Amino acid sequence: VCVACHGPQGNSTQPQFPSLAAQPKVFLENQLVLIRDGLRNIPPMKGLLDGVPDAELTELARYFSAQPATPAPASAVDAARYTRGQGLAHSMLCGTCHLPSYMGREQIPRLAGQHERFLREVMREYRDNPGPGRDTAMSAALYGLKDEHLDDLAHFLSHLRPAP
């Protein structure tokens with residue numbers, strides 16, 4: 001069932017869905033529990049995890065975290081947008097939590113190589129409608145950024161190649 005949206009081995013081929021491959025295991029476990037328990041409202045996931053025991057969620061997280069990340073197909077790099085996004089990520093200290101490689105750690109997700117559309121939409125959601133189950137630190141970090149800033153950040157992050 002996961003493959004339909006998140007792709008083979010968790011490498012999404014659809015720009016609106018994240019890749020799960022190479023995400024930190026703890027991050028995946030946390031998200032799966034939040035979704036199952038209704039604390040994260042993700043309409044395409046509604047009901048898919050109902051009644052799934054913790055042990056199975058842990059196995060799903062273990063599986064996807066162990067898969068190699070295949071970068072999302074990206075548009076051509078726009079050097080100006082990439083540079084602006086890189087500068088924003090640096091000035092906002094994004095690499096402090098997501099690591100300088102943007103591969104994530106523990107409960108912090110991998111951003112490198114995700115679909116640009118997905119990244120942009122998630123950052124807008126954090127900024128505009130954080131809601132239950134969302135990290136308030138991310139909402140605070142994105143507060144006040146304009147859409148064009150989020151577009152530049154998403155462009156930069158989507159063109160990073162995940163480490164093997």
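This is a predicted model: local features need pLDDT of at least 70, side-chain atom pairs count only at pLDDT 80 or more; totals for chains, interfaces and linings use all residues.
**First stop: α2 and α3.** Select α2 (25-36) together with helix α3, residues 54-66. To see the contact, display the side chains of Lys-25, Leu-28, Glu-29, Leu-32, Val-33 and Arg-36 on α2. On α3, their counterparts are Asp-54, Leu-57, Thr-58, Leu-60, Ala-61, Arg-62, Phe-64 and Ser-65. Colouring this α2–α3 contact by residue class gives 7 nonpolar, 2 polar and 5 charged residues.

**Second stop: Ala-22.** Next, select Ala-22, which lies in the loop between α1 (3-6) and α2. Is Ala-22 buried or exposed? Its relative accessibility is 16%, so Ala-22 counts as buried, the cut-off being under 20%. Most residues other than glycine have a negative phi.

Now select helix α4, residues 79-91, and helix α8, residues 147-158. The two axes come within 7 Å and cross at roughly 100°; α4 and α8 are therefore roughly perpendicular to each other. From α4, the contact draws on Arg-81, Tyr-82, Arg-84, Gly-85, Gln-86, Leu-88 and Ala-89. From α8, show His-149, Asp-151, Asp-152, Leu-153, His-155 and Phe-156. By class, the residues of the α4–α8 contact comprise 5 nonpolar, 4 polar and 4 charged.

With a relative accessible area of 28%, Leu-99 is partly exposed.

Remain in the loop between α5 (94-98) and α6 (116-128) and move to Gln-114. Here the relative accessible area is 1%, so Gln-114 is buried. Which backbone atom does the side chain of Gln-114 reach? It is the backbone nitrogen of Ser-19, at 2.8 Å. To complete the view, show the residues that Gln-114 touches, not counting those up to four places away in sequence: Pro-18, Ser-19, Gln-23, Ala-72, Leu-119 and Ser-158.

Note on methods: Residues are numbered from 1 along each chain as its sequence is written. Side-chain values use heavy atoms; hydrogens and water are left out. Axes are lines fitted to C-alpha atoms, for helices over the stretch in contact, and angles run from 0 to 180 degrees between N-to-C directions. Helices (H or I, at least four residues) and strands (E, at least two) are DSSP runs, numbered from the N terminus. Angles under 35 degrees count as roughly parallel, over 145 as roughly antiparallel, 65 to 115 as roughly perpendicular and the rest as oblique. Contact means heavy atoms within 4.5 Å. Ala, Val, Leu, Ile, Met, Phe, Trp, Tyr, Cys and Pro count as nonpolar, Asp, Glu, Lys and Arg as charged, and the others, Gly among them, as polar. Buried means under 20% relative accessible area, exposed over 50%, partly exposed in between (1.4 Å probe, protein chains only). A polar contact is a pair of N or O atoms within 3.5 Å; within protein, one must be able to donate a hydrogen and the other to accept it, and residues adjacent in sequence count only if both atoms are side-chain atoms.
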